[in-house]
Amino acid sequence: MNNYLTLSPNQNKLLISFFGKLTLYTIGIHEKQLATFNFSTFKSVVINLEEVSEMDTAAAIFIMNLSNRVSSEGLDVELSCSSEAMLQTLRLIKKQKQKSLHIPHAINRTLIDAIGKKAYSIYKNFSSFLSFLGKLFSTKIFYLKSLKNIRFKEIAFEINESAIKALGIIALTSFLIGVVVAYQSAFQLKIYGANIFIVDMLGISILRELSPLITAIVIAGRSGSAYTAQIGAMKITEELDAMKTMGFDPYIYLYMPRIIALMLAMPILIFVSDIMAVIGGMVVANLDLGITTDLFLKRFNDVVAAKHFFIGIVKGPFFAFLIATIGIYRGMMVKNDTQSIGFNTTKSVVEAIFAVIVCDAIFSIAFTNLGL
Amino acid sequence: MKTIIRVENLKTVLDNIIVHDGVNLSVKEGEIYGLLGPSGCGKTTLLREMVLLQKFAAGSINILGYDMGSIEYTAAQKLRKEWGVLFQAGALFSSLTIAENIALPLIEYTDLSRKMIDEIVEFKINVVGLKSSDALFYPSQISGGMKKKAGLARALAMDPKLLFLDEPTSGLDPISARDFDSLILELRSLFGLTIVMVSHDLQSINDTLDRIAVIDNKKIAYEGSLAEVASAESPFIKTFFRSKFEQ
């Protein structure tokens with residue numbers, strides 16, 4: 001290509017001539033060529049652009065920098081250019097350079113900085129969650145003040161959305177869990193000829209632990225994420241702000257109905273899950289161990305105390321409260337960009353499941369120590 | 001004329017950045033008041049502070065005799081029924097139709113019959129220039145301009161004395177924008193509204209505003225009528241109103 005530069009020294013005068021196109025594709029080579037060049041043996045420099053066919057703004061910046069570099073070394077600079085368009089570009093660059101401040105460099109953070117920042121953000125997050133809970137409880141008092149304040153319609157709508165419509169998936173999941181647990185234990189029990197004990201095992205493990213947990217996990221994945229996404233999207237579209245300016249407190253209209261709906265519905269869902277899981281176990285016991293339905297139910301009645309069932313049910317509202325509050329809180333934390341909806345939805349499900357398991361562990365220890 | 005909004009020595013700090021430092025302005029009854037300024041100067045923030053969506057660090061905002069810094073819940077609820085707010089993108093409730101959006105405050109706050117509410121809704125829909133047949137669309141089914149009109153209809157639902165508009169003409173085509181301007185003027189003469197708006201649209205500023213406040217560099221660079229804006233010393237005003245000065 002004919003894009004090149006020549007350096008022609010003439011006593012103490014240097015002529016730098018550019019040829020061909022001077023654009024951001026060609027200045028890289030020129031830059032390298034001139035970077036190591038020693039100007040100090042000359043007294044004046046002429047930059048010749050007469051032979052340049054085309055110049056863009058990047059090249060203009062390059063020329064500007066070159067002439068600044070040369071003049072900073074105490075040399076006289078002369079620009080030889082007759083194209084009005086190019087001169088205009090150069091003038092524009094010069095004007096901008098005088099005006100604009102440099103973009104500040106991002107500060108490099110040390111490890112200590114990063115730890116401090118992270119710790120502070122965790123503290124901030126925690127305190128904002130506490131203030132959310134505080135506002136929630138004060139809203140609860142507002143609900144209790146008068147029956148008229150309770151949004152029955154919204155609660156019913158949410159029960160339908162997050163509980164009734166979840167019945168199918170919870171029934172199916174629980175049935176399969178019942179089948180799997182029964183099948184695995186049947187294999188072990190057969191070795192000892194302790195077939196009938198499958199009833200004790202299934203009864204206690206399903207009613208006490210498995211059903212509440214499975215229900216909570218399905219609801220966390222289904223409704224917890226939905227709450228985050230709904231409220232997050234409402235925040236982005238300023239719907240929440242619009243509600244506030246119209247005097248519709250989102251705590252009363254959006255948050256409390258969801259929490260109450262889930263707390264009411266959860267025990268019922270756990271009950272359904274209990275039934276389906278036990279049926280699953282019963283089917284396997286019948287096919288694999290030859291325990292008839294009659295025998296299974298009679299044994300169930302004899303050995304599985306009602307307390308196991310009630311302990312499982314009691315956990316429901318607590319799990320529901322955790323799932324709903326975390327889902328809603330994460331929705332409120334959504335920032336004004338679409339990425340944060342995904343981020344917060346993921347967080348809400350993970351945190352809700354984690355909180356449910358922690359809560360379950362606490363219940364487990366508490367109930368055992370209470371002798372239940 | 002009575003002063004409806006008075007902002008005094010307002011200071012706002014967001015994420016350790018000072019947005020306003022000593023902002024003073026006052027809005028009088030019945031005027032269309034514009035908040036102008038370069039991007040990021042805190043016009044929308046100021047508007048959000050006025051409608052109780054955001055807290056400020058120091059100073060005071062007084063609206064219709066209530067102090068926004070220390071207002072109580074019941075007073076705030078009362079005040080909220082007396083103003084209407086139009087958000088930039090309309091902020092219609094996406095799960096409700098246009099008609100339901102407009103009817104919502106009427107259903108919640110009044111004892112009116114369903115039939116009466118329907119009539120009011122129809123009137124508001126027509127007054128902002130929408131067709132009655134648009135009423136049953138959901139927000140996702142209508143255009144940006146229609147969303148703004150529907151948002152305005154919702155803001156007007158309770159017949160407020162005070163209307164806050166956040167960039168009412170942004171994102172509209174020029175013809176819709178001019179229509180919107182004349183609509184705002186018409187509404188003012190029809191209902192005697194006081195309107196506070198944030199705007200970037202020069203044409204709209206020229207056509208509608210009675211008085212303006214220019215926020216620049218954390219302070220009010222100019223407050224007063226549009227005609228005398230040339231007297232102000234601010235680089236933003238010089239560039240923004242250049243075409244106006246040259247006329």
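How many positive and negative side chains does chain B have, and how far apart do the centres of the two sets lie? In this predicted model, chain B has 27 positive and 31 negative side chains, and the centres of the two sets lie 2 Å apart. For chain A the counts are 34 positive and 26 negative side chains, with the two centres 6 Å apart.

## The two chains

Chain B contains nine helices and ten strands. Its radius of gyration is 18 Å, close to the 18 Å that the globule rule gives for 247 residues, so chain B is as compact as a globular protein of that length. A box of roughly 55 × 45 × 35 Å along the principal axes holds the C-alpha atoms of chain B.

Chain A is built from twelve helices and five strands. A compact globule of 372 residues would have a radius of gyration near 21 Å, but the value for chain A is 37 Å. The C-alpha trace of chain A spans about 115 × 60 × 40 Å along its principal axes.

Burial, contacts and surface can be taken chain by chain. In chain A, 43% of the 372 residues are buried. Of the contacts in chain A with a separation of 6 or more, 81% are between residues 24 or more positions apart. Chain A has an accessible surface of about 20500 Å², and carbon and sulfur atoms account for 66% of that area.

In chain B, 51% of the 247 residues are buried. Residues 24 or more positions apart make up 63% of the chain B contacts with a separation of 6 or more. The accessible surface of chain B is about 11200 Å², with 51% belonging to carbon and sulfur atoms.

## Selected buried residues

| Residue | Relative accessible area |
|---|---|
| Thr215(A) | 0%, buried |
| Thr325(A) | 1%, buried |
| Cys41(B) | 9%, buried |
| Cys81(A) | 15%, buried |

Leaving out residues up to four places away in sequence, Thr215(A) touches Ile170(A), Met266(A), Leu269(A), Ile270(A) and Ser273(A). With a relative accessible area of 0%, Thr215(A) counts as buried because the cut-off is under 20%.

Beyond its neighbours within four places in sequence, the contacts of Thr325(A) are Phe132(A), Leu133(A), Leu136(A) and Ile259(A). Its relative accessible area of 1% makes Thr325(A) buried as well.

## Cysteines

Where in chain B is Cys41(B) placed? Cys41(B) is in the loop between strand β3 (32-36) and helix α1 (43-50). Apart from neighbours within four places in sequence, Cys41(B) is in contact with Val19(B), His20(B) and Ile215(B). Along the chain, Cys41(B) and Asn217(B) are 176 residues apart, yet their C-alpha atoms are separated by 7.0 Å. Although Cys41(B) is in a loop, this residue is buried, at 9% relative accessible area.

In chain A, Cys81(A) is buried too, at 15%. A disulfide is a covalent bond between the sulfur atoms of two cysteines. With a cut-off of 2.5 Å between cysteine sulfur atoms, the count of disulfides over all chains is zero.

Note on methods. Residues numbered from 1 in each chain as written. Chains lettered and ligands numbered in written order. Predicted model: local features only at pLDDT ≥ 70, side-chain atom pairs only at ≥ 80, totals over all residues. Heavy atoms only, no water. Helix = DSSP H or I, 4+ residues; strand = E, 2+ residues; numbered from the N terminus. Rg over C-alpha atoms; globule rule 2.2 N^0.38 Å. Buried < 20%, exposed > 50% of the residue type's maximum accessible area, 1.4 Å probe, protein only. Contact = heavy atoms within 4.5 Å. Areas by Shrake-Rupley, 256 points an atom, 1.4 Å probe, with all protein chains shown as cover. Lys, Arg positive; Asp, Glu negative; His and termini not counted. Charge placed at Lys NZ, Arg CZ, Asp CG, Glu CD.
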